[in-house]
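These are my notebook entries on a structure that I am reading for the first time.

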Amino acid sequence: MTATPPSAAPGTTLEVRGLTKRYRSRPAVDALTFECRPGTVTGFLGPNGAGKSTTLRILTGLARADAGEALVGGIPYRSLDQPARILGVMLDARALHGGRTGLETLRLTARTIGMPASRADEVLAMVGLQEAGAQRVGGYSYGMRQRLGIGVALIGDPAVLVLDEPANGLDPEGIRWMRLLLRSFADAGGTVLLSSHQLREVEATVDRLVVISQGRLVREGALADLTEQAGTRVSALDPQALRRALDAHGIAYEQRSATELEVSLAAEDMGRLALREQLVLTSLGTTARGGLEEVFFSLTDRAAVPAGIVPAAAEQPRAADAPTR
Ligand code: ADP
């Protein structure tokens with residue numbers, strides 16, 4: 001389906017600085033600092049209870065911080081003149097009124113924020129719900145509600161989108177659709193922050209990650225950089241000879257297990273080096289997803305990892321992970 005790409009007034013940065021929020025003296029968000037720039041789709045990632053929703057609620061003026069600040073284009077949400085025209089938000093698609101139709105929902109939102117009714121029809125098409133516009137939301141699937149929720153966020157033609165778990169309940173086609181929608185929004189200069197507790201969902205959609213656990217920042221950066229950090233895993237029949245060869249070429253490595261090293265070389269280059277040095281390799285693989293995997297396993301011990309958070313690589317090794325002979 002072709003949807004009109006949503007346009008965004010470019011140039012609005014989201015800033016979270018030293019944000020802290022306590023519930024009964026326990027910090028839900030703890031001195032959290034990060035930034036989302038125009039043109040990027042940032043995944044806000046962390047296990048359930050990490051503090052994602054709390055952060056998004058503060059960012060969108062629904063909760064107050066105990067310390068620190070959350071700014072939209074340098075201004076707190078509550079001080080924005082026409083907030084829905086600047087920041088579109090979807091916090092919980094289940095909260096949509098079941099008795100209204102999809103189109104009524106969008107028209108009502110448009111009227112409330114001073115947009116023309118025609119914007120509702122435009123957005124209905126944008127989120128792929130033209131066929132279901134006359135149906136009551138109560139009869140929508142969860143995925144359809146997610147689409148409508150994103151539509152509500154888009155009504156004001158905002159520069160920023162803040163979406164809490166938008167991929168939840170979407171089938172693979174829905175996730176693909178969302179990725180394209182958010183990409184075109186960001187490419188037009190928009191800023192996107194979306195939360196998820198599922199690595200797989202986020203990885204396909206975002207270009208940056210902000211990973212939190214227990215209210216604190218664990219990692220922040222470009223998706224490519226976070227995955228690159230992992231490098232290549234290699235083991236050789238003669239581990240000492242392998243280490244000597246790496247040392248001789250000035251290539252950094254870390255011992256990952258008794259037999260395995262992680263080297264800062266592409267797998268192909270490691271293979272070439274082994275050939276040149278006449279080393280017999282017993283395994284060679286990239287850990288392209290390993291960096292993220294490690295982040296997740298370091299957040300909490302395996303037993304406590306919620307089902308959705310198990311990294312995809314743990315379930316489905318990629319071809320590149322398989323040892324080569
Ligand atoms: P996430 O969105 O990452 O799942 P939340 O922001 O919902 O995490 O929750 C972070 C922590 O704050 C959790 O321990 C949660 O129980 C607590 N919390 C969130 N909202 C409230 C509230 N209104 N009252 C008390 N505790 C809350």
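**Entry 1, the ligand.** I looked up the backbone of Gly49 and found that one of its N or O atoms lies 2.7 Å from an oxygen atom of the ligand. I count a polar contact as a pair of N or O atoms within 3.5 Å; within protein, one must be able to donate a hydrogen and the other to accept it, and residues adjacent in sequence count only if both atoms are side-chain atoms. A polar backbone atom of Ala50 is 3.1 Å from an oxygen atom of the ligand, and a backbone N or O atom of Gly51 lies 3.0 Å from an oxygen atom of the ligand. Taken alone, the ligand exposes 560 Å², of which the protein buries 61%; accessible areas come from the Shrake-Rupley method with a 1.4 Å probe, and for residues only the protein chains shown count as cover.

I note for all entries that this is a predicted model, in which local features need pLDDT of at least 70 and side-chain atom pairs count only at pLDDT 80 or more, while totals for chains, interfaces and linings use all residues. Residues are numbered from 1 along each chain as its sequence is written, and side-chain values use heavy atoms, with hydrogens and water left out.

Which residues are around the ligand? I list Tyr23, Arg26, Ala28, Pro47, Asn48, Gly49, Ala50, Gly51, Lys52, Ser53 and Thr54, where a residue is near a molecule or strand if one of its heavy atoms lies within 4 Å of it. The shell divides into four nonpolar, five polar and two charged residues; here Ala, Val, Leu, Ile, Met, Phe, Trp, Tyr, Cys and Pro count as nonpolar, Asp, Glu, Lys and Arg as charged, and the others, Gly among them, as polar. Helix H1 gives the most to this shell, with three residues. Helices (H or I, at least four residues) and strands (E, at least two) are DSSP runs, numbered from the N terminus.

I followed four strands that form an open sheet in the order E2-E1-E4-E5, with antiparallel pairing; two strands pair if DSSP finds at least two bridges between them. Why is one side of E2 and one side of strand E5 (75-76) left without a neighbour in the sheet? Both stand at the edges, each with a single partner strand, so that side has no neighbour. Strand E1 (residues 14-23) and strand E4 (residues 67-72) run antiparallel and are joined by five bridges, and Leu14 has Val72 in E4 as its bridge partner.

**Entry 4, strand E11.** I turned to strand E11 (residues 232-236) and found four of its five residues buried, where buried means under 20% relative accessible area, exposed over 50%, and partly exposed in between (1.4 Å probe, protein chains only). E11 runs antiparallel to strand E13 (residues 261-263), to which three bridges join it, and pairs in the antiparallel sense with strand E14 (residues 281-286) over five bridges. Val234 has Leu261 as its bridge partner in E13 and stands opposite Leu284 in E14.

Ser235 is also in strand E11, and I count it as buried because its relative accessibility is 7%. Its side chain makes a polar contact of 2.6 Å with the side chain of Ser283. Not counting residues up to four places away in sequence, Ser235 touches Leu242, Thr259, Glu260, Leu281, Thr282 and Ser283, contact meaning heavy atoms within 4.5 Å.

I placed Thr40 in the loop between E2 and strand E3 (41-45), and at 15% relative accessibility Thr40 counts as buried. Beyond four places in sequence, Thr40 is in contact with residues including Ala186, Val192 and Asp207. Ala186 sits in helix H6, is buried at a relative accessible area of 2%, and touches Gly39, Thr40 and Val41 when residues up to four places away are not counted.

Is Arg24 buried or exposed? Arg24 is exposed, with a relative accessible area of 81%, and lies in the loop between E1 and E2; its phi is positive, about 50 degrees, although Arg24 is not a glycine. Glu165, in the loop between strand E7 (160-163) and helix H6 (172-187), is not a glycine either and has a positive phi of about 50 degrees, but Glu165 is buried, with a relative accessible area of 13%.
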